[in-house]
Amino acid sequence: MADNLAAAAHEPPAPVEAFSPDGSSGARIMMADDEQIMMDLVQLFLEEAGYSEFIKVDQPDRVLEVVREERPDVLLLDLVMPGISGFDILEEMRRDERLKHLPVIVLTASAEAETKLQALELGATDFLSKPVDPSELKLRLRNTLEAKAYQDQLAYYDGITGLPNRRLFIEELDWAIKLARRHEHKLSVAQAGLLGFSNIDSTLGPEVGNQVLVAVAERIQSVIRNSDKLAGGEDWILETSLSYVSAGQFSIMLPGMHTEESASIVARRVAEVIAQPLHIEGEEVVLDSNIGIATYPGDAQNAEELLRCASGALQQAGRKGSGHYQFYSSELNERSRRRLSMENQLRHALERDELVLHYQPKVDVASDRIYGVEALLRWQNAELGMVSPDEFIPLAEESGLILPIGRWVIEEACRQSAAWREQGLKDLQMAVNVSALQMDDVMFFKELQRSLKNNALEPEFLTVELTESQIIDSVRENTRLLAKVRSFGCRISIDDFGTGYSSLSYLKQLPVDELKIDRSFTENVHADSQNAAIVTAVSSMASGLGLSVVCEGVEDEETLAFLKRTDCDLWQGYLCSRPVNGAQLYSNYLENEGRYLPD
């Protein structure tokens, strides 16, 4: 029994539409009987009929607890059990608003009509006599599930949009909150209200109004379908879901999101897609929206209260005008406003010439000569000051601004490299960081070729760096993309190695040239035996695979002395230089004749 309960605890209840025509696929069958062998026998009969999800309870005093926790689609309930009878359980269930309509098929060995009549009066859906006939069991269960599916469709789904209604949304949200509490996760609820919808209904007619609702529902679905990837940390077992809860209002459940910023990103995307004009029956329909957001556990501890908080935040957003979203929490509103302000400033950073590249040398371990540089993006804003890359790079990726910014970085890095070559720095390698979003952009490869050609830069002097985690997200697809970059003649480097899978096995599949060991492993490497072992082993194995090895974060002579005893090829860090602008790097290079010179 424990195994069945543990498995069921990690699965959300199946939606009505998941049932197959005979009711078997997706149906969650719960059996309550003090005789384990009887439940095993019933399960065997039902597995032959195609059922696969079972919850079995052989302790009568736990039946109600498990029913409330697991929410099965149907309960097979033995009437005669020690301590608490099936009659007692059935009576209690029918007094519980949430369990009032759950189908219950009672099992009894009694042939007395009075016993069966009593069970039906207490609310039993059907009954079966013991010993159970397999054919009759399958027939009664199929009919019960078909009736439930029809009733649920009427009770739980909106007739216009086909989306779950408020009642089902509350039940699903209650389920999600229990899981979030168990796994110590956060979740958010976004309440989106359509502005001007009542005018459309009254002026263009209810038929057009219905079509508008369907179209808006489809648009919101298209946005939130891709929003689960914003959930941070480990995989979450529930997906983002949409419901139509009242006239012109949609509720969105965002489970597993570890940051409120993720919820605000979804809210902005929903608002943007709602604002796009609709063309229905020759009419152009333009809607706007406001969105209120509440979070668990910060704002509320249960489903009803969380939805009320989201509705309250929606009303607050409406006081600002149209097209706004609002958190229920004032603290989250302030953080969201700063983030939105930063995003707006970042959109203008290119045209205002606020972005600049700084360069950090990469030094050859054996010769102490500067082998190349890594281009590092910096943002100096008049209002925000010098913004940390750790703050604005993730924002650029989430908002899509990384695409135009990434194009500028590659063009500027190629321009600077070409300029240095004209000044005599002919063998200096240039490395640029590229995000997975850039690699997925269809224009990336054309723009890369164009930048190389425009600046007359030989491709072998440009290294494209991607982090290990970005590559591992989709090894097969990224292998193809990296091979295409390499076919241009550019070099490929894996940055932050060791922070992801920490395995060299996948490197044999990837067309890469260089491996950069993350600074977390080089820190204090001369005194930390574990870090020393990792750096030595990775350097040796990578060298055996024909890869150049770069150690990041070198800040003292002791670390450099250790690296000289390994197979490490290059190093990078403050011991040589902090990132500096192009003019300063050129000056330092000339002053030191292209070498790292220890004090």
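**Cis prolines**

I looked up P131 and found it in the loop between β5 (126-129) and α6 (134-156). Helices (H or I, at least four residues) and strands (E, at least two) are DSSP runs, numbered from the N terminus. The peptide bond joining K130 and P131 is cis, with omega about -5°. The model is predicted: local features need pLDDT of at least 70, side-chain atom pairs count only at pLDDT 80 or more, and totals for chains, interfaces and linings use all residues. Residues are numbered from 1 along each chain as its sequence is written, and side-chain values use heavy atoms, with hydrogens and water left out.

I then went to P297, in the loop between β11 (288-296) and α11 (303-318). A cis bond joins Y296 and P297, with omega about 10°. I noted these bonds because most peptide bonds are trans, and most residues other than glycine have a negative phi.

**Positive phi**

I checked A456, which is not a glycine but has a positive phi of about 50°. A456 sits in the loop between α16 (444-454) and β17 (462-467). Is A456 buried or exposed? I have A456 down as exposed, at 63% relative accessibility. The classes are buried under 20% relative accessible area, exposed over 50% and partly exposed in between (1.4 Å probe, protein chains only).

E593 is not a glycine either, and its phi is positive at about 55°. I placed E593 in the segment after α22 (582-591). E593 is exposed, with a relative accessible area of 61%.

**A382**

I found A382 in the loop between β14 (370-381) and β15 (385-387). Its relative accessible area is 82%, so A382 counts as exposed.

**The five-stranded sheet**

I traced an open sheet of five strands in the order β2-β1-β3-β4-β5, with parallel pairing. Two strands pair if DSSP finds at least two bridges between them. β2 (53-57) and β5 are the edge strands; each has a single partner, so one side of each has no neighbour in the sheet. From one strand to the next the twist averages 20°. Axes are lines fitted to C-alpha atoms, for helices over the stretch in contact, and angles run from 0 to 180 degrees between N-to-C directions.

How many bridges pair β3 with β4? I read four bridges, in the parallel sense, between β3 (residues 74-78) and β4 (residues 104-108). L77 has V106 in β4 as its bridge partner.

Helix α3 (residues 63-70) packs on the sheet and touches β1 (28-32), β2 and β3; contact means heavy atoms within 4.5 Å. The direction of α3 makes about 170° with that of β1. Helix α4 (residues 86-95) lies across β3 and β4, at about 145° to β3.
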